[in-house]
Amino acid sequence: MDKISVIINGKKCLADKGEFLLDIAERNGIVIPHLCHHEALRGQAACRLCIAEVRENGRKRIVTSCIFPVMRDLEAETDTEEIREMRKTLLSLLSAEVPESQTIASLAEEYGKGDVSRFSKDFGNECILCGLCVEACSELGCNAIATVNRGITKKISTPYDEPSAACIGCGSCAYVCPTGCIRIDERNGIRTIWNKEFELIRCDRCGRYYITKEENEYLRQRNGGVQGELQCICKNCRQAETAKKIMETSLEF
Amino acid sequence: MKYPAERRFSLAVMQDIQRAFNYIPKEAMIEISEYLNIPFSQLYSMATFYKALSLEPKGKYIIKVCDGTACHIRSSMVILSELQKLLGIDAGEITRDGLFSVETVNCLGACALAPVMVINNEYHGKLTPQDLSEIIRGYRNASDESKDDLIISKEEGDGNV
């Protein structure tokens with residue numbers, strides 16, 4: 001397949017037709033700040049921090065790079081004066097929205113922000129409502145959480161704020177959350193997330209709690225309903241085991 | 001079935017239920033989500049997004065007090081607090097007998113009548129706090145009469161059997 005040539009900040013990058021600008025930049029080691037994008041999920045284009053300037057046919061325009069598919073050769077800039085100013089404004093607004101968030105504070109330090117004293121600050125909340133957690137939950141096939149209400153009362157929650165039957169307690173939402181505002185409590189083999197309590201299962205090897213019963217069952221169903229005893233091995237032990245196998249086989253040669 | 005089991009009918013189904021019950025009970029939400037095969041969370045998201053849909057029971061008479069600019073200037077908040085005194089409920093609540101619920105809206109488009117409130121599509125304009133008890137009594141009586149009608153028709157029905 002013919003590759004497209006994209007020049008980002010003067011660096012020539014090759015890309016497939018339809019690839020997103022942010023992905024191309026990341027692959028080529030060009031850093032574009034972003035919050036609501038995860039490589040495994042579709043772009044949300046909610047935080048707008050990944051804005052870039054695209055130049056085509058002598059015209060320039062600002063695009064959100066996480067959802068901008070590159071269809072033909074073009075040039076892009078990610079750090080012009082104009083972009084820097086726009087990012088500052090975005091970070092000012094985000095700082096006012098979630099003044100207690102460390103993530104936003106460090107981004108604001110790196111990229112600068114304007115004077116935010118005129119905005120009323122919203123304390124006790126670190127969610128920027130980007131919707132990445134909802135996307136992750138939906139991609140997993142659980143659909144336990146969604147946006148609730150709208151306008152200033154908008155939030156992410158389960159229906160009626162009650163423990164959701166659909167939730168398997170996998171914690172993917174908390175894992176992808178850019179500001180880390182989704183609470184997971186783990187105590188005495190019980191994980192609490194979204195007001196629901198889950199019993200955790202121990203790893204057969206190291207004995208550490210690592211997965212909820214519900215998630216284990218969900219994975220089993222997804223893998224075609226494996227019958228009988230299933231080994232429960234946590235990520236670390238599985239990694240160590242695989243590494244050991246590779247070592248052994250390579251030593252044989 | 002009025003609607004095929006497709007997601008795109010979510011809003012239409014919820015509107016129908018809202019019309020029939022004046023709110024959408026939780027049981028209905030679960031039922032819709034199963035019938036249309038839409039995740040419960042997404043349906044709930046929609047239901048909370050639209051102001052025309054309510055998940056809390058609403059009164060038989062829904063009183064919308066306008067608090068748009070024109071009404072606000074003509075002391076719509078005095079009207080609201082008088083209503084609260086009369087009915088014993090705050091905006092967004094429902095009276096214990098299920099007859100009235102009160103809410104504020106941003107503009108009813110009848111600024112010439114300011115301050116204005118609308119009760120089940122009937123407009124009451126140029127209000128003074130003194131008007132309110134009369135208006136409320138009117139609706140209470142209307143409701144009692146309709147209840148009497150019900151009882152009579154039921155008795156007649158029994159007689160025929």
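This is a predicted model: local features need pLDDT of at least 70, side-chain atom pairs count only at pLDDT 80 or more; totals for chains, interfaces and linings use all residues.
**Chain A and its domains**

The domain assignment gives it domain 1 (4-79), domain 2 (81-128) and domain 3 (132-225). Domain 1 and domain 2 of chain A do touch: 10 residues of domain 1 are in contact with nine residues of domain 2. On the domain 1 side of that meeting, six residues are nonpolar, one is polar and three are charged.

Chain B is split as well, into domain 1 (7-49) and domain 2 (61-157).

| Domain pair | Distance between centres |
|---|---|
| Domain 1 and domain 2 of chain A | 23 Å |
| Domain 1 and domain 2 of chain B | 27 Å |

**The nonpolar cores**

Now for the inside. The largest nonpolar core has 58 residues, and the ones with the most contacts within it are L21(A), I24(A), C133(A), C137(A) and I145(A). Helix α4 of chain A, residues 132-140, is the biggest giver to this core, with five residues. A separate core of 16 residues lies apart from it, and C66(B), C71(B), F100(B) and L108(B) are among its members. As a general point, nonpolar side chains tend to be buried together in soluble globular proteins.

Who does I24(A) meet? Leaving out residues up to four places away in sequence, I24(A) touches V6(A), I8(A), C13(A), A15(A), E19(A) and V70(A).

Back to helix α4 of chain A for a moment. Its buried residues are L132(A), C133(A), V134(A), E135(A), A136(A) and C137(A). Covering them are, among others, β6 (146-148), β7 (155-157) and α5 (172-176) of chain A. Just past the end of α4(A), G141(A) takes a positive phi of about 95°.

**A closer look at S92(A)**

S92(A) is part of helix α2 of chain A, which covers residues 81-97.

G112(A) is 20 residues away from S92(A) in sequence, with 8.5 Å between the two C-alpha atoms.

**Chain B as a whole**

Chain B has six helices and four strands. Read from the N terminus, they come in the order α-α-α-β-α-α-β-β-β-α. The radius of gyration of chain B is 19 Å, well over the 15 Å that the globule rule gives for 161 residues, so chain B is more spread out than a compact globule. Its C-alpha trace spans about 50 × 50 × 25 Å along the principal axes.

How many of the 161 residues of chain B count as buried? The share is 22%. As for contacts in chain B between residues at least 6 apart in sequence, 61% join residues at least 24 apart.

**Where the chains meet**

Finally, the two chains touch each other. Chain A brings 13 residues to the contact and chain B brings nine residues. On the chain A side there are seven nonpolar, five polar and one charged residues.

Methods: Residues are numbered from 1 along each chain as its sequence is written. Chains are lettered from A and ligands numbered from 1 in the order in which they are written. Two residues are in contact if their C-beta atoms, placed from the backbone, lie within 7 Å. Ala, Val, Leu, Ile, Met, Phe, Trp, Tyr, Cys and Pro count as nonpolar, Asp, Glu, Lys and Arg as charged, and the others, Gly among them, as polar. A nonpolar core is a set of buried Ala, Val, Leu, Ile, Met, Phe, Trp, Tyr and Cys residues joined through C-beta atoms within 7 Å. A residue is buried if 20 or more other C-beta atoms lie within 10 Å of its own, exposed if 12 or fewer, and partly exposed in between; C-beta atoms are placed from the backbone. Helices (H or I, at least four residues) and strands (E, at least two) are DSSP runs, numbered from the N terminus. Domain bounds come from an automatic or database domain assignment. The radius of gyration is taken over C-alpha atoms; the globule rule is 2.2 Å times the number of residues to the power 0.38.
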